[in-house]
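Please examine the structure shown below before reading the questions and answers.

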Amino acid sequence: MSYMGNPFYNVFNSQKSNQFAVAKASYKKRINKLNALKNAIENTYKDAIREAIYADFKKPYAETDLTEIYPVIGDIKFAKQHLKSWMKRQKVETPLALLGSSSWYIYEPKGVCLIISPWNFPLNLTFGPLVSAIAAGNTVIIKPSEMTPHISKVMKAIISELFSENEVALIEGDVKASQALLELPFNHIFFTGSPQVGKIVMKAASNHLASVTLELGGKSPAIIDDTINLKRAVKRLVWGKFVNNGQTCIAPDYVFIKASLKDVFIAEIRKQLQKFYSTNAETSDSYSRIVNKKHFNRLVSYLQDAKSHSATIEIGGQTNQDDCYIAPTVVSNLPEDSLLMQEEIFGPILPIKVYENIDEVITYINTKEKPLALYIYSKHKRTIDKVISNTRAGTSCINNNVVQYSNHNLPFGGSNNSGIGKSHGYFGFQEFSNMRSVMKQHTKGSVEFLFPPYTTLKQKIVD
Ligand code: NAD
């Protein structure tokens, strides 16, 4: 198949020709690359990163430090700490029947990789996978989201400064650029985004049998029972829901609360919101905005739909289109067919559902697609165990939310509709590597005595 007309063929081909040179780079060279990336993010470009993400969606600098810069620096530090052992050949036992040989496997780079990233944590979700890809010895083409153009420009400047195009290249562009890239025969595609686009990526990958990592989304539930310290649970829940203006793949999408606690729960949320963002979040320096008008209008349509279904806006509901502002909003009494209960919200709107019995909650969750995250707040071990073992989710956190993302020792990713494959730390390194098995025959003989012709004696030995 000819790719000559593809606008990205030249850069792809240059990486293909260079992949073995990059793959053979020693441990030290890989560490040097990671150090250079760390220095660029932490020092040279730190201010530019903060300013760019603020320009894209008014994300406060402190939040950029906490949720963009710090996690990538953490990824790099973790990879540096462990890369030597990850790169080592992994010896395994050889069964007696294969006497006289030894066996091991090695993590070899997959080759030329594509990373397609979303806009919601534009630096973290682009450079995080890049760290794993570099650690594993690959060449990489990156396609960040067109919705956060300021930070894409800064990331492009970093990549152009640190890498030649035949090793790592960043291509700015929209869906068309993404589609053109997906035509090329990459060895691995690491995609972060919506389940709808994830299906498109997987279809395109199947043309070349490229392996995929799909980090997707969905509706992640939180459950709060009546054994927990409600004030503390609410504080954590409100942070997890409204950080990044609710535009977080693992944010609690909706929450189940014991029916008897509904009113006090809502009162606690109101108090906590005031503590975080004052009585008017629009004037708060700690509250980001919706990324663009398209997503603003999508969320406003969810609110209108809720009102048309006679749902109750318990808190918030105010919007300002000029600034893509939506107040922190809490909604109850939503029917199942409302958009807020059907679609991934990805914004600062929290639906509340009440329950009497934990079994109803489990049944409800299991009628939906497997969520990316599931949260349970409880002091009751049996309730926690019951929820975890009777539901399915990519990731869970008990008595908190979102923070499990920052443990590099944990695999991160969804299950089926919320994702395929895992990222972070060792799991990210694995994702960008092929586990190549090797067996070495040391002595003569081995199983050769079983080669044809199959005599009666040989047949007896096999039996
Ligand atoms: P998206 O799927 O619309 O876009 C992601 C990327 O895909 C962008 O770079 C975009 O240019 C590209 N793209 C869009 N349409 C395409 C098409 N038809 N063909 C090829 N490429 C296409 O997602 P988004 O709006 O940027 O991000 C929000 C979604 O991402 C949410 O569903 C969220 O849950 C999910 N997400 C998941 C994670 C995770 O780690 N699992 C993290 C962040 C976001």
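Predicted model: local features only at pLDDT ≥ 70, side-chain atom pairs only at ≥ 80, totals over all residues.

Q: Is the packing of α9 and α10 roughly parallel, roughly perpendicular or oblique?
A: Helix α9 spans residues 230–242, helix α10 spans residues 262–277, and their axes lie 9 Å apart. The two helices pack at an angle of about 55 degrees. Angles under 35 degrees count as roughly parallel and those from 65 to 115 as roughly perpendicular, so the position of α9 relative to α10 is oblique.

Q: Which strands stand at the edges of the open sheet?
A: The sheet has 7 strands with mixed pairing, in the order β10-β13-β14-β9-β8-β15-β16. An edge strand here has a single partner, so one of its sides is left without a neighbour in the sheet. The strands in this position are β10 (312–315) and β16 (395–398).

Q: What is the bridge partner of Ile257 in β14?
A: Strands β9 (residues 254–258) and β14 (residues 349–355) run parallel and are joined by 4 bridges. In β14, the partner of Ile257 is Val354.

Q: What angle does the direction of α10 make with that of β10?
A: Helix α10 packs on the sheet and touches β9, β10, β13 (329–332) and β14. Its direction and that of β10 make an angle of about 50 degrees.

Notes:
Residues numbered from 1 in each chain as written. Axes fitted to C-alpha atoms, helices over the stretch in contact; angles between N-to-C directions. Parallel < 35°, antiparallel > 145°, perpendicular 65-115°, else oblique. Pairing = 2+ DSSP bridges. Contact = placed C-beta atoms within 7 Å.
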